[in-house]
Structures are given as C-alpha cells and as structure tokens.
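Dear colleague,

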Amino acid sequence: MKYRALAVGSDGVRVMMESALTARDRVGVQDFVLLENHTSEVAFIENLRKRFKENLIYTYIGSVLVSVNPYKDLEIYTKQHMERYRGVNFYEVSPHIYAVSDNAYRSMRTERRDQCILISGESGAGKTEASKKVLQYYAVTCPASDKVQTVKDRLLQSNPVLEAFGNAKTLRNDNSSRFGKYMDIQFDFKGAPVGGHILNYLLEKSRVVHQSHGERNFHIFYQLIEGGEEDLLRRLGLERNAQQYQYLVKGNCPKVSSINDRNDWKVVRKALTVIGFTDDDVEELLNIIASVLHLGNVQYGSEESGNAYITTDSQIKYLSRLIGVDGSVLKEALTHKKIIAKGEELMSPLNQEQAASARDALSKAIYGRTFTWLVNKINASLEFKDSSFSSKNASVIGLLDIYGFEVFQNNSFEQFCINYCNEKLQQLFIELTLKSEQDEYEAEGITWEPVQYFNNKIICDLVEEKFKGIISILDEECLRPGDASDITFLEKLEDTVGGHPHFVTHKLADGKTRKVMGREEFRLLHYAGEVNYNVNGFLDKNNDLLFRNLKEAMCMSENKILTQCFDREELTDKKRPETAATQFKTSLAQLMEILMSKEPSYVRCIKPNDAKQAGRFDEVLIRHQVKYLGLMENLRVRRAGFAYRRRYETFLQRYKSLCPETWPNWQGRLVDGVSTLVKHLGYKPEEYKLGRTKIFIRFPKTLFATEDALEVRKHSLATKLQACWKGYSQKTKYRKLRRSAIVIQAWWRGILARRRAQRRRQAAETIRRFIKGFIYRHQPRCPENEYFLDYVRYSFLMKLSRNLPKNVLDKSWPTPPPALAEASEHLRKLCMQNMVWKYCKTISPEWKHQLEQKMVASEIFKDKKDNYPQSVPKLFVSTRLNGEDINPKVVQALGTDKMKYAVPVTKYDRKGYKARSRQLLLMGNSAIIAEEAKVKQRIDYSALKGISVSSLSDGVFVIHVVCEDNKQKGDVVLQSDHVIETLTKVAICADKINSINISQGSIKFTVGQGKEGIIDFTSGSELIVAKAKNGHLSVTAPRLNSR
Ligand SMILES: Nc1ncnc2c1ncn2[C@@H]1O[C@H](COP(=O)(O)OP(=O)(O)O)[C@@H](O)[C@H]1O
Ligand SMILES: [Mg+2]
C-alpha cells in the first residue's frame, strides 16, 4: 500500500495540487505559496478565513505549518488520521500537524539529523495542544516493544502531571502553560522512542500567592480540593471548598466551565503512578501542596509595637505536621528576619506587612522548588537506562512549547520575561528562515532579490545586552546598596535606554501615548506589538529573596521532597544567587543553542478570537498575529526562493544511485556530479540552480519526484543486496554444514578405522598364536600352544558333532588331533555302540532272525566262496516251496515233524551224474530229499558228516553222510540256485556250522560202499555241470565281476 502510494507520488502530488486548485474558491489553497497574490495580506487572511470556515485549520507556507485554534473538537486526530500521514510525503495529503511530525521523524531517520519542532504563537493559540498531538503521533506510529511502551506511556503521562502543576486558567487560556517547556524525545536506531528529557523555564511563581481577576491558581490546588478523597483531605487538614483558601480566592474564579477538576484529579493521580511515583512520593507531594494552602491562610495580627504575630495557630499546627518542621520554629521564622551584623546573628521582628510578604515568599519558594523537583523526577523516569545506548547514537526530536506572547491590562515581571522569550524565538525563526535563507543565497552566489523583513534583534538587544540592556539595569538596581526601588529602576531605565526607538515611558512619551500609560510603566515596542509593563514588584521578583531563617526552617523539614529542594549548602554559600532575570536569560541562551543545533520545523499557532469561541474569526486579532509572526515575510521569501537545498555531497550521496554515471561513485568534481545527475533526472533549468556548495531546487514537487524515484530504486537495490546477502549467508551456512559434516565424517572414519585396526590386531594376534601354537603343537601344554591345542580340540569336537556317522555302516570318522586320539577312539566306540544299540532297539524279531541267519552265512562263506557277496543283499526266505508245491504224500510221510525250510534242488546221480529235479526239505531232525510223492532219501542230522562246496560261484554242494550201514545211499551231490541260503539253513537246522567245508580244489565224495567220486571245479564263462571224460563231474563256474 505504502509502496504504491510512493510509486505514484509525483503524479499524486499533481493530482492533489490540481484538485486543490479546483476547490480553491471554496476552501482556499492548502499552501500559501500557491496564492496568486502572495504579497497581499488581505488575500492571505481571506485564505485563512475560507479554510477556517470549512474547519480546515492547517495551512502551509512551504514547510511551515500555520494552525488556527478551532476551539472545538474536529475529530481529525484519530488513529486512522495518523496512519494516513505515516511515511507519506508532505504534499501528498492535506496539511496537518501529523504531516509535520512525520516529516521531522523521517528526516531524523533518513538523514540522521536531530530535529526540533518549534511551536509558537500567543497564549491560547494552541501550542500546548499541538505539542501533545505530536507526542501522541509518535507514541502511536513509532515502532514499539514492551520497554518502549512504558516510555511512550510515561512520555504521554508526563503531560497531565506537568499541566496540573504548571498550568492555570488565565484570561487568555483556560489551560495556560505558566512555564516554558522544551522536551527531547530520544529514539533508538530502529526509530523507537526510548527516552525523553524535559527542560523547564521560569515558572510563574507569583501565581501561587496572587491571581488577577478571572484567573486561577495552578490547577493542582483545585484538583486536590475537588477530587481528593475524604480521607486524604482530612489527613491534609483541608476542606472541600476552595473559597476557604486565601491563595485560591484572589481571582474570584474557583470554578471554570471548561475544566472538570474532579476528573482531572483522577487523570493526574493515575499519571503519577504510570510515571513511577510511589505512594510515599505522592503523599509527600500532596503534603507540600496542602501546606502551601495552609500557609496562605496564616494570618497576622499587629502588636502595639507594630511587630507581627500569628493569629491562626491551627494553620501552624497543620503546617508543622505536613512539612515536618517544629511549630515554634515555623512561627518564629514567619514573624522574624535574621540579620547578621558584625558576625552576630540577630532576630529582628517583622511588621505585619513584611511578615505577610515573607510568608508569600516562602509559599512561592516551596511551590517553585517543588515544581523543579517534579520535572527532575519525571526526567529520571523518562531517562533511557540502557547502558549499551549512548546519547551519541540516539536521535532526538525536540519539542518546544513555550508560553506565548501575552499582553494583559497589567503586565509585570513575568510578562516581561515571557515576551522577551518570544522575542528570542522570533529572532531564531528569523535567523533560521528569513535571514539565513537570504544569506545562503548570497553565499552560494545565487541571483536573488532580497526580501525586506523586520529583524527584531534590536529589541532582543534592548532587553539582554550586557551593561546596557534592561535586565542588566534591573540586576544593577537589585544589587546596588542604598534605597533601590522599582521606581529608581524605572528612572535608571529612562536614563540608560530612554533614547531607544522601542522603549517609551510615561515621561518620555508623546501626549497621545501618555494617556494610555501609567506613571509606573514602561512600554516596549515588541515585534508582536506594544506592551506596557508596570515596574511594581520587578525588583522583588528579580531578587526572588527568601529570608535566611525561613530557608533554615525549611532545611529542617522531614518532608523528603523539601529536603531535596532546600539544601543546607545553600545556607553556607556566601555567593549571591543569580537574579531571576539573569537565570532566565542564561537558560534562554542555552535553549537557543540547543535549537540551533537541530533541524527546525515550525508550527505557527494563531488564535482566532479572544473569547475562546469556536467558529469566530476575529480579523483584527488575526491580522495582528499574521503580522507579528512574520508570516507574510515568510511567504515572500518562500515564493522567491527555493524549497529545497542540499550540499552537493549530501545530495549526490543520497541520489547517486539514480544515474548510471554517478553510481556507485562519482570521481570528478562534486558540482559536475550533481549536474550530471540532475540532467539525467530531467530537471528543467528553471527548476534548480547550482550554487557554490549546494544545489537549490525551486519546487517541492521536483524533489518529491526524485525521492519517489529513489524509493523505487531502493527497492531494486535492496533486492540486489538481499540476493547477495542471501547467497552469502547460504554459502556460509553451506560451508559450515560441510565443515561439520567433514568433522563428523572424520570422527566416524576414525572410529571405523580404529575398530578395523583393532580387529586386525586381534586377527594378527590370533594368527600369531595359531602359528606359535602350530610350531609348539607337539610340545607339552604350555602358554605358547595352549590356545592352539584348545582350538584344535574344540574344532575337532565341533566338527565331529556335525559329522557323526549316521549309521553303523558309515565308517567315516574325522581324524583326531594327536592329543585327542584316545578320546576319539573312545568316542567312536561309544558312537558305534550307541548306533548299534539304537539299531538293535528298532530291529523286529523276523529281521533278527534274518540277521542271525546272515551272520551264520557270513561266518561260513565270507571271503571263501565267490558268490557269497551276491547273496548278501538278497534276503533269506523262510521257504522256497509252499505247501502246495510239496506233494501231500510227502507231507503225510513226514508226519508231525515240522518242516523248517524247503527248496527245489538239482540232484546229480552218483554214477552218471544225471541231473534230477528234487526238493530238499529241512525238518526238525533230518533233511529230506523228495521226488514228487516219494521221499527219496532221509538224512538224519546226526548222520550228517559235513558239507562240501567249492569256492567258486557255482551252486553245487555235497552232503557227506556217515555210511555205517548200507541203507545209506552215501553222499549226495546237489545243486541249488540259492546255495548260500540253502547251506546256511542246513547248517543251522543241523547245527553243523563248523562242518561246512569250502574247498579250493576238487571235492571228493563217497558213493556208497567205499567208492569215491570227484568233482572238479573250474572257472568259466557260464555254469556247466557235466560228466568229464575222466569220469569226474566237471563244474564250470562263471567268473563273477566281484572277483
Ligand atoms: N487543535 C485543537 N483542536 C481543538 N481545540 C484546540 C486545539 N488547539 C487548542 N485548542 C483549544 O484551545 C485551548 C488553548 O490551547 P493551548 O494549546 O493550551 O494554548 P497555548 O498553549 O498556545 O497557550 C485548549 O485548551 C483547547 O481547548
Ligand atoms: Mg500552552
């Protein structure tokens, strides 16, 4: 929003100006510079009137703001209004006190120059109101933080407090400031208000004891009496009736319609707390206020001797309690005067009149000093206490709200000082604007037509000049020994400055003037008009004396504020204190210096009428103010001159970024740089002039256009800067991250490497132990080999546990290390036993029987007969002939003897070796050879001598039989296809296991009656059984692969 407003700024100005022009007939121009007839005072006032009628109270003369007091609430000071003026160029919006405030603030921020806002105008013109508006504007619009908020609150709340104690109703203004105030607002580098400081000038103390008709004492007295709680009043010994107090009845005006004392009391009470007053502070402060009222009510009587005595003891009682001073001390101090003569102290009694004025002097002193204390206390609360913050890097905006020029029926010392002060300010204004402006054009060699203006230096000199000035003469009269009086002072004035064109007395005046002047008056022809001052009281007020014994009494006070106000050192200090006027003169000179060091903004306040009425435009009164405020001269200079000027370096520095040739730096002469720059910006020749060291720009709008361009440019520069900065910061961040990552990596790698190294070391150690162990493996157990041996053992056992033989036939067994050879053997056996046992446990009776038979077969044939191996895998059967294969007759013949085995065999005849098919049946006691239904031969096992069989693969075998009788047919030659099975069965049945003879060569057998037969065995390709030529039975047995 703000940016857009700025971007369209220059157009905006034109639009504003044009619309202002069309509305001119009705509301006049918002800047007097735009007045067609700018030299005409009538036109000037007419413009003011038009605007005033439309409630437009603000008008510019260039950058000076003219403000007319509306005497009514215009509702132009809302927050929305403040926002409207914030950060906006002066000319873009209608004139306002906020525009001046904002402009000063922005100048302070951008140019880093301290600012001051000088608010001037006569009493009641709206200066104090204006200064409050400025303060409120800063409080609302400046950046804030928690800390700043307190400062803002305190800055704002200092106003009601100072106004309560320092303002009063006068004829001119219901809330007239009776002291001068200059307030510094301190800002930190961010532009937030962080502190403040107040300088106060010459409080009109005389008001405490006397008010002119229609005027009041300081507000605080009425506020306390109207608003103070019952308890409080009782404690202070006060009544809720202002009429009861001598100091409050002089003006005969206790109540004012525009003032609500009761409400104001609440506001002040709250403000005191915000500023940081403790309850004790407030109590002491109110004790003082109450004691002033009591003092006013102290009455005197006169003894016969003329000496004064106090008639109101109750007042003394209260006083003594409230300020903590012994009553008798007080009484004496209020009726006597201490004189030191020849080193001796003497108490001299006072007469009634003297005593009353001593009492009033005390009241004034107490109130005046308490006011100073109050300002100091507020300053302490506003002081910025951050140690890192030095006033060097603080920027300051000063706000001057000082009593305006005033003229009453009867003008005294105070009016003299006030009007002198206004002369000084006017002089400053002239110096800073009119004179300095013209001087500058001259110095810069700019062609220029001088404007005539009234320089009021002559009046300032009249008042303040050393030795010859009115103040010097007054001081002289005050200090002079002898009978100096106000009248002698007047005479002295006539003698010394009588010839001065701005000074007149009754005696010196012409007849006409004499009529309007008293004999005790002198007249000054101020820049703002003529004022008659009555010299009565000048000396006293200037001396500002307080009797020594009253000071001493005050030094005894137990009131904490009074002890600070009345210092004992003062009593011993022999030096005469400076007179009031000289003090004022000095502080004004200091103020001028402060103001000169800052860049000023002006607010010129005008009072529309003397009746404090809204809507009344008193032309005579206004013309008078326009004249003495020098507004016409101001306007003439403005119109003739240039709105803006800057030193070349400042101008170039600020705007150099707007021109490629001057950016980033201009190398040549400054004036050439500025010239190049403004040509680039398109300034027309009539718009500017180049002086010796400065550029002068005639119209504000030219400058505003440049400002707007700068604002736009700043954005692009800021973007560039931002980009650079972001890049830089990201790079830095990245580098930092990278560095961190590397550090972490390094650490982690270190850890890993250390772990690896350790593992390697351990591995090497293990290997070394292994090698050593290996070398020493045959040695008895010793440290060198124990690990190795254990390991070998362990690994053997582990390997063994994984590779145990799975069955009894599996003969594999890992080779044990030597140390475990024995154990290994034991284990092997155990393992075998275990397997066998396991095997046995699972074996069936049939299988057991089978195996028993196989065992027998093994015993007999193993490694002896060629076809034995082939027989091993073949299971032995219980019989090879079933019941139906055997002839029933044979079965019958065999009777009850149980048959155990039967097998078909081939029988070879004893003689011809003819092959006959037979059945061999093994019974319980005998073996039977049967042919079909016939039992051909029964061989009792007892008669069975043995069995012969060849070692070859044939199935031929011979059953040898004992031949004792002839019934026996002799040995039998048989052939079985299952020779191993058959013979095993026979051996078992006949229990003739050891009688089986496996013959390597031929087998002899008997063939009854002692005859012998021979069977020859040879190996051949196939089985052939036949009778050989030699009469032997020749058996050719096939050669088996296994052999
Ligand atoms: N801007 C304003 N708007 C409304 N009333 C105002 C304004 N300025 C001044 N006044 C009225 O005029 C009175 C006197 O103003 P003040 O600022 O006290 O005068 P000064 O300080 O110049 O003597 C105020 O109390 C107030 O009623
Ligand atoms: Mg004021």
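A residue is called buried when its relative accessible area is under 20%, exposed when it is over 50%, and partly exposed in between, using a 1.4 Å probe and the protein chains only. By that scale Lys-969 is partly exposed, because its relative accessibility is 40%.

Two remarks on conventions. This is a predicted model, in which local features need pLDDT of at least 70 and side-chain atom pairs count only at pLDDT 80 or more, while totals for chains, interfaces and linings use all residues. Residues are numbered from 1 along each chain as its sequence is written, chains are lettered from A and ligands numbered from 1 in the order in which they are written, and side-chain values use heavy atoms, with hydrogens and water left out.

Confidence

The pLDDT is the predictor's confidence in each residue, from 0 to 100. Its mean over the protein chain is 88, and 95% of the residues reach 70 or more. Over residues 1-22, however, the pLDDT is below 50, and this stretch has 20 contacts in the model beyond near neighbours in sequence; a contact means heavy atoms within 4.5 Å.

Ligand 1

There are 15 residues around ligand 1, and Asn-69, Gly-124, Lys-127, Thr-128 and Glu-129 come nearest; a residue is near if one of its heavy atoms lies within 4 Å of the molecule or strand in question. The shell divides into 4 nonpolar, 7 polar and 4 charged residues. Here Ala, Val, Leu, Ile, Met, Phe, Trp, Tyr, Cys and Pro count as nonpolar, Asp, Glu, Lys and Arg as charged, and the others, Gly among them, as polar.

A side-chain N or O atom of Asn-69 is 2.8 Å from an oxygen atom of ligand 1, and a side-chain N or O atom of Asn-173 is 2.9 Å from one. For Glu-129 it is a backbone N or O atom that lies 2.8 Å from a ligand oxygen. On its own, ligand 1 has 550 Å² of accessible area, of which the protein covers 84% (Shrake-Rupley method, 1.4 Å probe; for residues, only the protein chains shown count as cover).

Helix H10 and Glu-215

Helices (H or I, at least four residues) and strands (E, at least two) are DSSP runs numbered from the N terminus. Helix H10, residues 219-227, is mostly covered, with 9 of its 9 residues buried. Glu-215 sits in the loop between helix H9 (206-209) and H10, and counts as buried because its relative accessibility is 5%. Leaving aside neighbours within four places in sequence, Glu-215 is in contact with residues including Lys-169, Leu-171, Arg-207 and Phe-408. Its side chain reaches the backbone nitrogen of Leu-171 at 3.1 Å.

Other residues

Asn-287 belongs to helix H14 (residues 279-296) and is buried, because its relative accessibility is 7%. The side chain of Asn-287 makes a polar contact with that of Arg-235 at 3.1 Å. A polar contact is a pair of N or O atoms within 3.5 Å; within protein, one must be able to donate a hydrogen and the other to accept it, and residues adjacent in sequence count only if both atoms are side-chain atoms.

Lys-969 lies in the loop between strand S25 (956-961) and strand S26 (972-975). Its C-alpha atom is separated by 185 Å from that of Leu-171, 798 residues away along the chain.

Yours sincerely
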